[in-house]
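Please read the following report with the sequence and the three-dimensional structure side by side.

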Amino acid sequence: MKRIFVINPGSTSTKTAVFEDDKAVWMSGGHHPASETAAFHNINEQYEYRKEFILNGLKKSGIPLKFDAVIGRGGLTKPLQGGVYTVNEKMVYDLQHAKDQHACNLGAIIAYEIAHECGCPAFMADPGVVDELQPLARITGLSFMKKRTIFHALNSKAVSRKYAKSIGRKYEDINVIVVHLGGGISVGAHCKGKVIDVNNALNGDGPFSPERSGTLPMNQLVDLCFSGKYSQKQIMKMITGQGGIVAHLGTNDMITVSREAEEGNEPYRTVLDAMLYSVAKQVGAMYVALDGQVDAIIYTGGISHSKYCIDTLTRRTSYMAPVVVMPGEGEMESLAFNALGALNGELEIKEYV
Ligand SMILES: Nc1ncnc2c1ncn2[C@@H]1O[C@H](COP(=O)(O)OP(=O)(O)O)[C@@H](O)[C@H]1O
Ligand SMILES: CCCC(=O)OP(=O)(O)O
C-alpha cells in the first residue's frame, strides 16, 4: 500500500489530501479570502503562508510526515506535454521565477520541500501549461504574438475521462466543451483527447471570472498602461487577481454572490449575470472550434455547485449540446492517480529539462 500526500493550491483555496493507494483517507483545505491574499505582492510571498496552512492541517489531525510520494498541482513553467513529472531543482527554479503568477506555482515547490523531509519523490502532473492547441488557434492578429494556453488542464481532462467512461466511450473518441468555473474560468474545446483551443484563464483572455478581468477593451487598457498612474505590477494584478467579481463586488466568495443574485439583490444579480453571459459566449466560440460536433458541454469547478449559475448557463447553452454538470473538481483524485501510477511503474515519469 502506498501513502501519497496531495497538495493543491488554487487562487482562492488550498486543498490537501492523504491517499492510501487510490482511496482518500483524509482531506482538508480552506478558502483564502481576497482580503488576506491581497496583502501579498506576488505568489512567492505566499510560500510560507500556504506551507504553514498545509503543515498545520496535518499537525491538527496528528498525521506524521511519512509518505511514499508527495504530489503537487503543476505550475506555470514553459509549455509542456501532459503527464507526470518528477519535481527537480530546475523546475523549482523556473516556478520561483515564473512570469505568470498563480498559486499553483507553489504546488510543486511545497511538494518538493515536504518530500525532501520525508525522503520520498515529489511529482506534479498535467500542469496549467499543457499545450495541445491546433495550429490556427495559435495565431493572433500580430505576427510576433503567439497565443499561450493557461487553463485547468488537470481537472478538465479528469472530468472528460470520467464523462467518457460514464457513457462507455474513451476520452480519445469524444468531443466535449469543458467549462471550469473556479477563481479563473477556462472554456476548452477537447477534440478526441486533445485540447485544440481554450482561453488563457489567467491573463486577460475570455470570460471574466471571480478574480480575472477576462478580455478587456484594448484601447482603454493601453490608455491605462500609459496613464502614469499605475505600475506594470498593479495593472497585472487588476487583470489576474483583483479583476472580475472582485473588482465589481470586492469579494471572490461566489457562494455569497450566487445567493444574493438568486434573491434578486443588486448589484450582485447584474454583475453575476454579466459574468455568466461572457462564459456562455465563450462556449459558443468553442462550439465553432469543434465544427459543431460536440457530444456534451461539461460544467465543472467550485461555482458549478451553484444552482443559479448552472440554471442560467444551461438556459444559454443547452441548445448547442447536452449539458453535464460535474461540480467541484477531480484534481485531488487525479493527482493521486498520477503519483500512484508513477510509483507502480504504470505511468511514464517525465523529466523536466
Ligand atoms: N456552493 C457554491 N456555490 C457557488 N460558488 C461556490 C460554491 N462552492 C465553491 N464556490 C466558489 O468556487 C470558487 C472556487 O472554485 P475551485 O474550482 O475550487 O477553484 P480555485 O482552484 O480557483 O480555488 C470560489 O469562488 C468559491 O467561492
Ligand atoms: C492556472 C490554472 C488556471 C486557473 O485560473 O486556476 P484557478 O481557477 O485555480 O485560479
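By class, the shell around ligand 2 holds five nonpolar residues, eight polar residues and no charged residues; here Ala, Val, Leu, Ile, Met, Phe, Trp, Tyr, Cys and Pro count as nonpolar, Asp, Glu, Lys and Arg as charged, and the others, Gly among them, as polar. This is a predicted model, in which local features need a pLDDT of at least 70 and side-chain atom pairs count only at pLDDT 80 or more, while totals for chains, interfaces and linings use all residues. Residues are numbered from 1 along each chain as its sequence is written, and chains are lettered from A and ligands numbered from 1 in the order in which they are written.

**Confidence**

The protein averages a pLDDT of 95, and 100% of the residues score at least 70; pLDDT is the predictor's confidence in each residue, from 0 to 100. For the complex, the predictor gives an ipTM of 0.97 and a pTM of 0.91.

**Two domains**

The domain assignment of the protein gives domain 1 (3-130 + 331-350) and domain 2 (153-327), with bounds that come from an automatic or database domain assignment. The C-alpha centres of the two domains lie 24 Å apart. In domain 1, 17 residues are in contact with 17 residues of domain 2, where contact means that the C-beta atoms of two residues, placed from the backbone, lie within 7 Å. The side of domain 1 that touches domain 2 is made up of five nonpolar, eight polar and four charged residues.

**The seven-stranded sheet**

Helices (H or I, at least four residues) and strands (E, at least two) are DSSP runs, numbered from the N terminus, and two strands pair if DSSP finds at least two bridges between them. Seven strands form an open sheet in the order β3-β2-β1-β4-β6-β5-β12, with mixed pairing. Its edge strands, each pairing on one side only, are β3 and β12 (349-350). Helix α2 (residues 47-60) packs on this sheet and touches β1, β2 and β3, and its direction makes about 40 degrees with that of β2; such angles run from 0 to 180 degrees between N-to-C directions, and the axes are lines fitted to C-alpha atoms, for helices over the stretch in contact. Helix α4 (residues 105-118) also packs on the sheet, touching β1, β4 and β6 (122-125), and its direction makes about 170 degrees with that of β4.

Within the hairpin of β2 and β3, which has two residues between the strands, aspartate 21 takes a positive phi near 50 degrees. Threonine 16 has serine 28 in β3 as its bridge partner, and phenylalanine 5 stands opposite valine 70 in β4.

**The five-stranded sheet**

A second open sheet has five strands in the order β9-β8-β7-β10-β11, and its pairing is mixed. The edge strands here are β9 (194-198) and β11 (323-327), each of which pairs on one side only. From one strand to the next, the twist averages 25 degrees. Helix α11 (residues 268-289) packs on the sheet, where it touches β7, β8 (185-191), β9 and β10, and its direction makes about 15 degrees with that of β8. Valine 178 stands opposite isoleucine 298 in β10.

| Strand pair | Sense | Bridges |
|---|---|---|
| β2 (residues 13-20) and β3 (residues 23-31) | antiparallel | eight bridges |
| β1 (residues 3-9) and β4 (residues 69-73) | parallel | four bridges |
| β7 (residues 175-181) and β10 (residues 296-301) | parallel | five bridges |

**Details of the backbone**

A cis peptide bond, with omega about 5 degrees, joins glutamate 266 and proline 267, and proline 267 is found in the loop between α10 and α11. Aspartate 126 lies in the loop between β6 and α5 (135-138), and its phi is near 35 degrees, a positive value in a residue other than glycine.

**The ligands**

Ligand 1 is surrounded by 18 residues, of which Gly10, Gly182, Gly183, Gly302 and His305 are the closest; a residue is near a molecule if its C-beta atom, placed from the backbone, lies within 6 Å of it. Helix α10 (residues 254-262) gives the largest share of this shell, three residues. By class, the shell around ligand 1 divides into four nonpolar, twelve polar and two charged residues. Ligand 1 lies between domain 1 and domain 2, because both give residues to its shell.

Around ligand 2 there are 13 residues, and Ser11, Gly128, Gly182, Gly183 and Gly184 come nearest. Ligand 2 also lies between domain 1 and domain 2, because both domains give residues to the shell around it.
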